[in-house]
Amino acid sequence: MDCKSFSQHADINCSKINDSFWSPITELVRTQVIRYQYLALQDKIEGAEKSYCIENFIKAGKVKKALDEGKEVPTYPIDKWCYNDENTDENAFHGWVFQDSDVYKWIEAVGYSLRNHPDSVLEKQAMDFIDIICDAQLENGYLDTLYIINDRDKIFTNLKDNHELYCFGHLAEGAISFYDATNDGKLLNAACKFADLICDTFGENKIKGYPGHEIAELALVKLYRKTGKKEYLDTADFFINERGKKPYYFDIERNKITADDNYHYNQAHIQPKYQTEAVGHAVRGVYLYSAMADIAKENCDDELYTACGKIWDNIENKKLYITGGIGATVDGEAFSFDYDLPNDLAYCETCASIGLMFFARRMSEIKPDSHYADVAERALYNTVLSGMADNGKSFFYVNPLEVLPTASHLDSRKRHVKTVRQKWFSCACCPPNLARLISSLNTYIFSENEENVFIHQYIGGSLNTKCADINISSDYLNDGSVDFNIECKLPFKLALRIPEWCDNFDVNKNYALKDGYVYIDISGNDNVEIKFEILPRIVKCSNKVRENIGKAAVMRGPIVYCLEEWDNGKNLHMLKLCENPNFEYLNGCIYADGLREKEDDKLYSTYSKPEFSPCRLKFIPYYKWANRGENEMSVYIRI
């Protein structure tokens, strides 16, 4: 592990997006999505599932005030994952145990948005929320509305299930983002006060527990980088190293003698430094792996970094959907076994692909290998974007690769597969996660170290690096061309990623190729042009993926395409791609010659060669599916 070669991802102020594809999307998030979510968090979206989020903070603030005044406060049971009007008192906590995190992620998105586009109205809305949040914080720094409202005596008694440390993690990330945007430290002070309590509570000779749902670990690293307080890094490191030790802490806290739980779900089956496979709840997993990479980088920890590499290899080569989705099964929202990638049962939670991007960015900063940015690109242009409608006002939690509406409505095994995007979710982790990712997208474009500027994503705009000011003109998705106009400050190497989907490319400069990046020497003002051959192509997966034997997908550049019933009629499984499909790319869609098999109503009969009639197929970008209403969809087609 070469600690001197580490790169740093760009501060959000060092890059601006000006891109024909991405600028409309980032504007949509800024002007529509964030504002829509502001209303959803207050339960002001007609016909949407209730959030209860702000309502809980208001209730907790009233409890805090009553406690300060020495009044008696009622307690309520803490015995469920989700509380609603039917199963709990009206004055008790409502929603999922992790409900607080939704507003924290929204505030994080607001912070990024404000740094890109100052907005006094949006800033005031966030500060109003922050006032409500801080009014609920207990004197010792504790801040979680479930326990403040329902029962203060049970704080930190169920780390496995009740998400206190998870909520803290999102609080810290939101607080840092908002402070960086506004220099207002109210929420950051609240996050540090809670972090101090956590550091005082957990560790050697203290409570030897760790989060059931990871993210506190990477948030503590962020707080360390922001404040310089080493206790935060040390506690994150403690959480990572204590996880998976026997006897299992989750058994100890429940006074259990024998472990009967599947700790793979929490990635707590063995210590992370010994893990080699991505297992369990996919979102929890990639949040943990991201923190492992952070701590490996901060502490130059070869053992932890080696584990990250093995886990990454397992995801990329055995558990990754072509769309960049992860988490093949609804059971535990989890990674399944190697090469188990069903299309119609896929879970592929939006949050999981976002977390995969977090992991990819951290790994590329430790060692610049194009595989990491390739996977981030695959997730970004497909599953992440699929999670949001064209108008920014409805969302997917689950992103399958094949949908038959009748099956989703009538087959309980596919109860998780929605055929249209939802206005909101009572479990709404994905929409604000998507908002914070897109609002910070410019931080994924490049990273730099003392010698190199690495271009990871080909998004148009301007970069301000230590070595140069760089203007990027990108027609990446249209004709594959990207131009870099460079105003040099110091000599450096410009490292440009060669996407895994590209077989041929041209660069107007001499270069050296290493680990999927071309390195170009820059010693003065210059212009670098690179052009990738971008054509429709047929992509197969391993024949170990049983579901896709005899099938393939169509891609162009990083974008996966799919068939919809609106364009191709019912029974998409009857369609077949011709051997010479005569691809035509037009207005963002791909047209191809295909065949439709003649339907056979008889359930069983002696085999005879199927009859086909010719047809012209229309493929649309996967991320655009279900924007015209409910219909069949399929990524894979028979070949």
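Colleague: Which residue in strand 14 is the bridge partner of Ala-512?

Modeller: Tyr-519 in strand 14 is the bridge partner of Ala-512. This is a predicted model, where local features need pLDDT of at least 70 and side-chain atom pairs count only at pLDDT 80 or more, while totals for chains, interfaces and linings use all residues. Residues are numbered from 1 along each chain as its sequence is written, and side-chain values use heavy atoms, with hydrogens and water left out.

Colleague: What counts as a strand or a helix here?

Modeller: Both are DSSP runs numbered from the N terminus: helices are H or I with at least four residues, and strands are E with at least two.

Colleague: How many bridges join strand 13 to strand 14?

Modeller: Three, and strand 13 (residues 512–514) runs antiparallel to strand 14. Two strands pair if DSSP finds at least two bridges between them. Leu-513 stands opposite Val-518 in strand 14.

Colleague: And what sits between strand 13 and strand 14?

Modeller: Two residues, and the two strands form a hairpin. Asp-515 in that turn has a positive phi of about 50 degrees.

Colleague: How many bridges does strand 14 have with strand 11?

Modeller: Six bridges join strand 11 (residues 492–497) to strand 14, and these two run antiparallel. Ile-522 in strand 14 is opposite Phe-492.

Colleague: How many residues of strand 14 are buried?

Modeller: Five of the six residues in strand 14 (residues 517–522) are buried, so the strand is mostly covered. Buried means under 20% relative accessible area, exposed means over 50%, and partly exposed is in between, with a 1.4 Å probe and protein chains only.

Colleague: In what order do the strands of that sheet come?

Modeller: The order is 1-6-7-11-14-13, six strands in an open sheet with mixed pairing. Strand 1 (8–9) and strand 13 stand at the edges with a single partner strand each, so one side of each has no neighbour in the sheet.

Colleague: New topic, charges. How many salt bridges are there?

Modeller: The count comes to 51 salt bridges. The rule asks for a side-chain nitrogen of Lys or Arg within 4 Å of a carboxyl oxygen of Asp or Glu.

Colleague: Which residue forms a salt bridge with Lys-319?

Modeller: Asp-338, with the closest N and O atoms 3.8 Å apart. This pair links distant parts of the chain, 19 residues apart, and both residues are in the loop between helix 12 (302–318) and helix 13 (350–366). Lys-319 counts as buried because its relative accessibility is 4%, while Asp-338 at 27% counts as partly exposed.

Colleague: Which residues are linked in a network of salt bridges?

Modeller: Asp-11, Arg-115, Asp-180 and Lys-226 are linked in one.

Colleague: Now the backbone. Where is there a cis peptide bond?

Modeller: A cis peptide bond joins Lys-246 and Pro-247, with omega about 0 degrees. Pro-247 is in the loop between helix 9 (230–242) and helix 10 (249–252).

Colleague: Why would you point that out?

Modeller: Most peptide bonds are trans, and most residues other than glycine have a negative phi.

Colleague: What is the phi of Gln-267, then?

Modeller: Gln-267 has a positive phi of about 55 degrees, although it is not a glycine. Gln-267 is in the loop between helix 10 and helix 11 (282–299), and it counts as buried because its relative accessibility is 0%.

Colleague: And Asn-587, buried or exposed?

Modeller: Asn-587 is exposed, with a relative accessible area of 72%. Its phi is also positive, near 50 degrees, and its place is the loop between strand 20 (584–586) and strand 21 (589–597).

Colleague: Last one. How far apart are Pro-118 and Ala-181 in space?

Modeller: They are 8.6 Å apart, C-alpha to C-alpha, and 63 residues apart in sequence. Pro-118 is in the loop between helix 3 (100–116) and helix 4 (120–135), and at 75% relative accessibility Pro-118 counts as exposed.
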